[in-house]
Amino acid sequence: LPFYATDEDIYKYYTSANYKSLVNDLVSYWNNEKNGLYKKVASKDLNFYRLHVIEKPINDYLISEYYSYIASEIIGEKIRVIEKNKISDLKYNLYDFILFDDFGCMITEYDDNFMPLGDWITHDKDIVMELRNLFNELYGKGQDFHTMYDGDKSIINDIIVGIKSNVSDKR
């Protein structure tokens, strides 16, 4: 299965803690990408749902993910997080995946330190249905992603207002 992307660019943002730029750049990228994932999802009028298993306290990478989720939510992604200690047995050792209705899924792989290795996409109906079942099983145990980070949230309103004013309807 092909890798869709790596998260190398996000590292520069979380090491500089410039989260507002991260979110603005992500939304701008997603709005301007020619044949990218978010354009394809929007053009097919699909819903997309993410489930991300986390451990608290979250690491610096996940703090940057938290802020990027603000951008993802604005363009339509529905995100739930669940703490690893609330799951007795995590099937397939999956920590982060997105379902695009029953059309496909994107899975992010992580190393032992919860640092991302990359993403891959599949349309295999059996895998998609297994992940749909896993998502349904875990959904009630999870929480809205806003609960994953207890740190500085002072820039969130500025981010949201700035992004919403720049998000185009041509998604």
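Biologist: In this predicted model, how many residues does the largest nonpolar core have, and which have the most contacts inside it?

Modeller: In soluble globular proteins, nonpolar side chains tend to be buried together. Here the largest nonpolar core has 41 residues, and Tyr 66, Tyr 67, Phe 97, Leu 131 and Met 148 are those with the most contacts inside it. Two or more residues each come from helices H2 (19-32), H4 (60-74) and H5 (125-139), and likewise from strands E1 (48-54), E2 (77-83), E3 (96-100) and E4 (104-110), with H4 giving the most, nine residues. Another core, of seven residues, lies apart from it and includes Val 41, Leu 46, Phe 48 and Ile 98.

Biologist: Is Ile 156 buried or exposed, and what is it in contact with beyond its neighbours within four places in sequence?

Modeller: Ile 156, found in helix H6 (residues 156-166), has a relative accessibility of 10%, and because buried means under 20%, it counts as buried. Leaving aside those sequence neighbours, Ile 156 is in contact with Tyr 66, Tyr 67 and Ile 70; Tyr 67 is 89 residues away in sequence, yet the two C-alpha atoms are 8.0 Å apart in space.

Biologist: In what order do the strands form the sheet, and why is one side of E5 and of E6 left without a neighbour?

Modeller: Strands of a sheet pair through backbone hydrogen bonds, either parallel or antiparallel. In this case six strands form an open sheet of mixed pairing, in the order E5-E4-E3-E1-E2-E6. Strands E5 (116-122) and E6 (143-144) stand at the edges, each with a single partner strand, so one side of each lacks a neighbour in the sheet. E1 and E3 run antiparallel and are joined by five bridges, and Arg 50 has Ile 98 in E3 as its bridge partner.

Notes. Residues are numbered from 1 along each chain as its sequence is written. This is a predicted model: local features need pLDDT of at least 70, side-chain atom pairs count only at pLDDT 80 or more; totals for chains, interfaces and linings use all residues. Side-chain values use heavy atoms; hydrogens and water are left out. Helices (H or I, at least four residues) and strands (E, at least two) are DSSP runs, numbered from the N terminus. Buried means under 20% relative accessible area, exposed over 50%, partly exposed in between (1.4 Å probe, protein chains only). Contact means heavy atoms within 4.5 Å. A nonpolar core is a set of buried Ala, Val, Leu, Ile, Met, Phe, Trp, Tyr and Cys residues joined through side-chain atoms within 4.5 Å. Two strands pair if DSSP finds at least two bridges between them.
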